[in-house]
Amino acid sequence: MARSTTKTSKSLVTIAAWTIGFLIFFPILWIVLMSFHTEGDAIKSPFQMLASKWTFESYEAVQTQRGYGKFFMNSVVISVGSTVFALIIGIPAAWSMAFVPGKKTKDVLMWMLSTKMMPAVGVLIPMYLGFKNLGLLDTRTGLVAIMTLINLPLVIWMLYTYFKEIPGEILEAARMDGATLWSEIFYVLTPMAIPGIASTLLLNVILAWNEAFWTLQLTTQAAAPLTQFIASFSAPEGLFYAKLSAASTMAIAPILIMGWFSQKQLVRGLTFGAVK
Amino acid sequence: MGKIVLKSVRKSFGDVDVIPSVDLTIDNGDFVVFVGPSGCGKSTLLRLIAGLEDTTSGIIEIDGKDATSLPPAKRGLAMVFQSYALYPHMTVRKNIMFPLKMAGMEIGEATKRADEAAKVLNLTNYMERKPGQLSGGQRQRVAIGRAIVREPAAFLFDEPLSNLDAALRVNMRQEITELHQQLKTTMIYVTHDQVEAMTMADKIVVLNAGRIEQVGSPMVLYEHPANTFVAGFIGSPKMNLITGAEASKLGATTIGIRPEHLDVVSEGGWTGVVGLSEHLGSDTFLKVSTDAVGTINVRAGGEVQLRHGDKIRLAPQPSKIHRFGADGKAMA
């Protein structure tokens with residue numbers, strides 16, 4: 001009896017999981033399928049999931065109209081650049097908070113997290129003016145700087161959590177063995193925290209890649225990443241669903257592929273320390 | 001060289017004085033064991049010497065030079081930790097070579113030294129393994145190897161055998177003692193296990209609540225404990241500490257009698273009933289309830305066949321009775 005109950009509940013849970021998974025995935029599926037419609041099919045009512053005639057015309061059109069490569073490169077530079085800088089700042093910061101905490105360390109951590117709770121639009125005007133005065137508007141440098149700052153609290157928090165799992169005695173052993181602060185971080189801490197650092201890196205790249213608010217506000221042409229590429233197809237003269245979908249598919253594909261291949265690492269990193 | 005001198009060394013954490021004030025001289029080549037109950041400050045004292053904790057006040061001299069404010073790396077000491085603290089991402093060879101790499105030694109020379117250390121510690125076949133692939137004893141050997149290659153002024157051991165099983169602990173204990181005889185380098189060893197202290201030390205430092213209760217060779221501590229704390233702490237089974245009328249008869253507040261200094265006699269002495277009898281073959285440990293002095297431990301010969309409930313008479317050997325005054329200190 002007990003066994004059959006377990007079997008039934010297991011099946012129910014499996015069905016529920018697949019349903020939820022499908023619902024979450026549905027918008028992406030919709031976009032991908034839509035990108036193969038003709039513009040005419042895309043606005044047909046009632047809506048058709050599968051195209052009557054499969055076509056790549058929207059992909060050709062968005063590539064000819066805007067040029068995917070430049071936006072893609074900007075996205076790569078901004079997301080990878082900001083991640084590298086966030087890690088360069090974040091690793092020593094997290095080290096000090098995890099291994100030589102002061103009385104106010106917890107407060108500093110909470111304060112950093114609180115900045116993530118603030119609506120970004122609240123500081124849009126000062127940030128915009130600041131960027132304008134510094135000549136950073138529509139520059140990759142500006143975008144890398146702001147993405148680094150935006151994601152830094154999360155990076156430090158994640159690294160701090162991973163570093164707390166590393167026994168302090170190992171770092172003390174390194175100190176006894178003659179390691180300076182930097183060699184301790186470089187030769188001992190970082191290699192031991194590789195799973196944590198890798199998942200922080202991946203998550204940060206994903207967040208920076210997908211960030212739309214600041215990239216749309218602070219760029220127009222030169223430093224415009226893929227979020228601008230998508231937005232540029234939502235024109236005042238009307239929505240071109242198929243082209244918009246093709247642009248979106250092209251924008252999310254790289255990060256989706258990266259996420260797919262690194263999911264093991266991401267899950268391992270995000271659950272790191274959950275079970276000892 | 002490896003002479004370490006502590007002058008009025010004090011350590012407080014906030015308002016709590018963990019080490020109120022310690023003066024201690026450790027001579028070059030000594031094997032010194034810090035022993036005491038949990039929380040007595042022995043590990044803190046070792047960490048102060050290592051430089052892993054800052055002193056609140058006082059001076060630590062290593063080979064005549066003030067090392068109080070030197071970072072751990074500059075003190076020329078090597079430490080072996082309870083948890084081994086090996087670098088899990090490095091092979092045994094890289095673990096052992098790490099201190100040499102940090103010292104900027106040329107790789108060929110560093111490899112040679114690591115190989116020599118591995119030979120001494122029987123690790124030659126495991127050099128390319130990672131710590132995770134080694135047993136507890138092998139890991140501890142790697143940790144010792146990492147300490148040896150530096151040729152330090154002194155070795156610091158922080159309860160290095162606590163994570164090992166009983167049989168391995170005995171082996172490693174002997175290996176460390178042999179290593180000391182071979183290297184003749186100063187060693188400071190922290191343990192709560194008084195058997196380790198008695199068997200390994202040239203000099204034992206008994207600590208209690210951050211204070212040094214007595215410093216001396218194992219036999220001096222055993223035969224002439226300075227106070228009731230040392231008397232009760234050193235020796236297994238514990239010394240019987242007796243107060244009341246029997247102590248007053250000898251002009252003391254407390255008298256101490258080691259279990260092996262009580263004889264089973266046919267006349268006179270204290271009468272009692274055997275409560276617990278443990279036959280170990282070589283010895284028999286008895287717990288006896290007496291009318292005169294309460295429950296006392298007795299160590300008799302292996303041939304003694306007493307059992308639970310047997311009535312016996314016990315007499316202390318007069319020359320082996322330790323007398324302590326009201327302040328707990330030994331009386332002359």
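Predicted model: local features only at pLDDT ≥ 70, side-chain atom pairs only at ≥ 80, totals over all residues.

Guide: Domain 1 covers 2-42 and domain 2 covers 67-232 of chain A.

Visitor: Which residues count towards the contact of chain A with chain B, and how many does each chain give?

Guide: Two residues are in contact if their C-beta atoms lie within 7 Å. The contact takes 14 residues from chain A and 17 residues from chain B. On the side of chain B, β6 (77-80) and α2 (92-102) each give two or more residues, and α2(B) supplies the largest share, 3 residues.

Visitor: What makes up that side of chain B in terms of nonpolar, polar and charged residues?

Guide: The side of chain B that touches chain A has 14 nonpolar residues, 2 polar and 1 charged.

Visitor: Why are β14(B) and β15(B) said to pair?

Guide: Pairing requires at least two bridges. Strand β14 (residues 270-279) of chain B has 7 bridges to strand β15 (residues 283-290) of chain B, and therefore the two strands pair. They run antiparallel and form a hairpin with 3 residues between them. In the turn, G281(B) has a positive phi of about 95°.

Visitor: How do you know that β14(B) also pairs with β17(B)?

Guide: 4 bridges join β14(B) to β17 (residues 311-316) of chain B, antiparallel; at least two are needed, so these strands pair. V273(B) has bridge partners in both neighbours: K311(B) in β17(B) and S289(B) in β15(B).

Notes. Residues numbered from 1 in each chain as written. Chains lettered and ligands numbered in written order. Domains from an automatic or database assignment. Nonpolar A, V, L, I, M, F, W, Y, C, P; charged D, E, K, R; others polar.
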